[in-house]
Amino acid sequence: ALFRAEVNDTVDTAYLWSDVEVYAFLDDAQKMFCRLTGGIPDATSAITTVTATAGQKFVNISPKILRLKSVENPSDNGYRCEILNYEDMATYLKHPDYGYTSPYALNNEVGPIRAVVSGMEPNKLRLVNIPEVDQQLNLIVNRLPLIDINQTTIGNSTAVLEIGEMHHRHLILWMKALAHMKQDAETFDQGKAAEFDMMFRTYCAQAKGDRELHEHKYRTISYGGL
């Protein structure tokens, strides 16, 4: 309703943007906010628990995960696995001068899971080592919203905005940017779309900075003298 009021789209007999479009704008705005600010921290939802199957090299993870912060194996006394990117593994190959630089290797060795490697396949983690028995892994992640906002979820009252309430008002900026890119003589305005796009990205940069400041852990620095 606030979006329609701000874009002067209040004649319900002939809306410039349909309800389907407006819900799609809102859904995309929340997802874009998460992408630009780093995502929603999560350690408790269903996507933070995955099963590593015995004899399998890979474990599936949700496509909604933007960043993997921690992987713990509760069946192994809560062992915290190292998280590696596939590009990192190149440095773990045999170095001509220094030999191997890491105990982790992408082979078929069976044993306790000591690391996970991302970037080899979409929405999958390569396990190091391969588990002998099924094991549960607990993740801490930053993610996209779990529920898409559309007419069905709104109608069933299951869709809620998952980002902080302080940010809700500013999602309208992205909604306006999308709305003014609609290819219609009455709605298309590339200049307005670019303006609202920039305003939204500026706000997201500020929100990201505020969150990083809040999450920052201050450390004591010791000086050894001059």
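The model is a predicted one, so local features are kept only at pLDDT of at least 70 and side-chain atom pairs only at pLDDT 80 or more, while totals for chains, interfaces and linings use all residues. Residue numbers start from 1 along each chain as its sequence is written, and side-chain values rest on heavy atoms, with hydrogens and water left out.

Of the 226 residues in the chain, 36% are buried. Here buried means under 20% relative accessible area, exposed means over 50%, and partly exposed is what falls in between, all with a 1.4 Å probe and protein chains only. Looking at contacts (heavy atoms within 4.5 Å) between residues at least 6 apart in sequence, 65% join residues at least 24 apart.

Next comes the helix packing. Helix H6 (residues 171–179) and helix H7 (residues 190–215) have axes that come within 8 Å and cross at roughly 155 degrees. That angle makes H6 roughly antiparallel to H7. Axes here are lines fitted to C-alpha atoms, for helices over the stretch in contact, with angles from 0 to 180 degrees between N-to-C directions. Angles under 35 degrees count as roughly parallel, over 145 as roughly antiparallel, 65 to 115 as roughly perpendicular, and the rest as oblique. The crossing of H6 past H7 is left-handed; that label applies if the near helix is turned anticlockwise from the far one by less than a right angle, and right-handed applies if clockwise. On the H6 side, the contact involves Leu171, Leu173, Trp174, Lys176 and Ala177, which meet Ala193, Phe196, Asp197, Met199, Phe200 and Arg201 of H7. Sorted by class, the contact of H6 with H7 has eight nonpolar, three charged and no polar residues. For these classes, Ala, Val, Leu, Ile, Met, Phe, Trp, Tyr, Cys and Pro count as nonpolar, Asp, Glu, Lys and Arg as charged, and the others, Gly among them, as polar.

H7 also packs against helix H2, and the axes of H2 and H7 come within 9 Å and cross at roughly 50 degrees. H2 is therefore oblique to H7, and H2 passes H7 in a right-handed crossing. H2 brings Ala29, Met32, Phe33, Leu36 and Thr37 to this contact, and H7 brings Phe200, Arg201, Tyr203, Cys204, Ala207, Lys208 and Arg211. The residues of the contact of H2 with H7 comprise eight nonpolar, one polar and three charged.

A nonpolar core is a set of buried Ala, Val, Leu, Ile, Met, Phe, Trp, Tyr and Cys residues joined through side-chain atoms within 4.5 Å. The largest one has 27 residues, and those with the most contacts inside it are Phe3, Trp17, Phe33, Leu171, Met175 and Phe200. Helix H2 (19–37), H6 and H7 are the elements that give two or more residues to this core. Another core, of 16 residues, lies apart from it and includes Ile47, Val59, Val116 and Leu139. Leaving out residues up to four places away in sequence, Leu171 touches Leu26, Ala29, Gln30, Phe33, Leu161, Ile163 and Phe200.

H2 also holds Asp27, which counts as buried because its relative accessibility is 11%. Beyond residues up to four places away in sequence, Asp27 touches Ile147, Asp148 and Ile149.

Val128 and Asn129 are joined by a cis peptide bond, with omega at about 10 degrees; Asn129 sits in the loop between strand S7 (124–128) and strand S8 (135–143). Asn129 and Ile130 are touched by Glu109, again not counting residues up to four places away in sequence. Glu109 lies in the loop between helix H3 (86–89) and S6 and is partly exposed, at 45% relative accessible area.

Asn8 is not a glycine, yet has a positive phi of about 55 degrees. Asn8 is in the loop between helix H1 (2–6) and H2 and is exposed, at 61%. Asn123, also not a glycine, has a positive phi of about 60 degrees. Asn123 belongs to the loop between strand S6 (115–118) and S7, and is partly exposed at 38%.

Notes: Helix = DSSP H or I, 4+ residues; strand = E, 2+ residues; numbered from the N terminus.
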